[in-house]
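Work through the exercises below with the sequence and the model open. Each task is followed by a solution in steps.

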Amino acid sequence: MKKKWFVNIERKNNYTPSPAENRVGKILKKLNIKFKREISFYDCKSKYGNYFVFDFIILSKNIIIEYDGEKYHRSKQAKANDKEKSDFLKQSGYCLLRLNKSHWSTLEETIKIFVGKAIPPKIKKKGYEYCPPEQKMSFKKPRKGSNDY
């Protein structure tokens, strides 16, 4: 059963997205993918009682996209929070795409591949974290110069 989520209005109104998050949003819009930004789940809180916030949710595919900025995601606490968030998503049946600066030059292609075909659990490289095992989907990397996504 999918967990209940909500748009974190407090976060959305008091937060300026990074240039990378803006770029991901523009790519999703360009691809005509419906998404919500800055969402939280009712039963996903930090040990301090704050709701964890996720960058993007694509409801039609049960996909969460997180862009890990270099500055924030260096700390031990941020890494611990990311692990908690990842574990929650894994248990809740959501696919997770973690992006970072290493994806910058192939950001659109990476999103197209992940959102278009999703990624089977055995592929764990370049941010393709996982998909729940019940989502049996094929994954074929496009040939260079191909538009097959």
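**Exercise 1. Which residue of β4 is the bridge partner of isoleucine 58? Describe how β3 and β4 are joined.**

Solution. This is a predicted model.
Step 1. Isoleucine 58 has isoleucine 63 as its bridge partner in β4.
Step 2. β3 and β4 run antiparallel and are joined by three bridges.
Step 3. The two strands form a hairpin with four residues between them. In the turn, asparagine 62 has a positive phi of about 55°.
Step 4. Leaving aside neighbours within four places in sequence, isoleucine 58 is also in contact with residues including Leu28, Phe35, Ile65 and Val115.

**Exercise 2. Which residues touch the most other members of the largest nonpolar core, and which elements each supply at least two residues?**

Solution. 
Step 1. The core has 18 residues, of which Val24, Leu28, Ile58, Ile65, Leu99 and Ile111 touch the most other members.
Step 2. At least two residues of this core come from each of α2 (19–30), β3 (54–58), β4 (63–67), β5 (95–99) and α4 (107–117).
Step 3. Another core of 11 residues lies apart from it; Ile39, Phe88, Leu89 and Tyr94 are among its members.
Step 4. As background, nonpolar side chains in soluble globular proteins tend to be buried together.

**Exercise 3. How many aromatic pairs does a search of the whole structure find? Work through two of them, starting with phenylalanine 6 and tyrosine 42.**

Solution. 
Step 1. The search finds six aromatic pairs.
Step 2. Phenylalanine 6 and tyrosine 42 form a tilted pair, 4.6 Å centre to centre with 35° between the planes. Phenylalanine 6 lies in strand β1 (residues 5–7) and tyrosine 42 in the loop between β2 (36–41) and β3, so the pair ties together parts that are 36 residues apart in sequence.
Step 3. Phenylalanine 6 is buried at 17% relative accessible area, whereas tyrosine 42 is partly exposed at 46%.
Step 4. Phenylalanine 41 and phenylalanine 54 form an edge-to-face pair, 5.4 Å centre to centre with 85° between the planes. Phenylalanine 41 is in strand β2 and phenylalanine 54 in strand β3, so this pair ties together parts that are 13 residues apart in sequence.
Step 5. Both phenylalanine 41 and phenylalanine 54 are buried.

**Exercise 4. Which charged ends sit over the rings of tryptophan 104 and phenylalanine 54?**

Solution. 
Step 1. Over the ring of tryptophan 104 sits the charged end of arginine 23, 4.3 Å from the ring centre.
Step 2. Over the ring of phenylalanine 54 sits the charged end of lysine 85, 4.9 Å from the ring centre.

**Exercise 5. What is the mean pLDDT of the protein chain, and where is the pLDDT below 50?**

Solution. 
Step 1. The mean is 77, and 74% of the residues reach 70 or more.
Step 2. Over residues 118–130 the pLDDT is below 50; beyond near neighbours in sequence, this stretch has 38 contacts in the model.
Step 3. The pLDDT is also below 50 over residues 132–149, a stretch with 27 contacts beyond near neighbours in sequence.

Methods:
Residues numbered from 1 in each chain as written. Predicted model: local features only at pLDDT ≥ 70, side-chain atom pairs only at ≥ 80, totals over all residues. Heavy atoms only, no water. pLDDT = per-residue confidence, 0-100. Contact = heavy atoms within 4.5 Å. Core = buried A, V, L, I, M, F, W, Y, C linked by side-chain atoms within 4.5 Å. Buried < 20%, exposed > 50% of the residue type's maximum accessible area, 1.4 Å probe, protein only. Phe/Tyr/Trp six-rings, centres within 6.5 Å; stacked < 30°, edge-to-face > 60°. Lys NZ or Arg CZ within 6 Å of the ring centre and 35° of its normal. Pairing = 2+ DSSP bridges.
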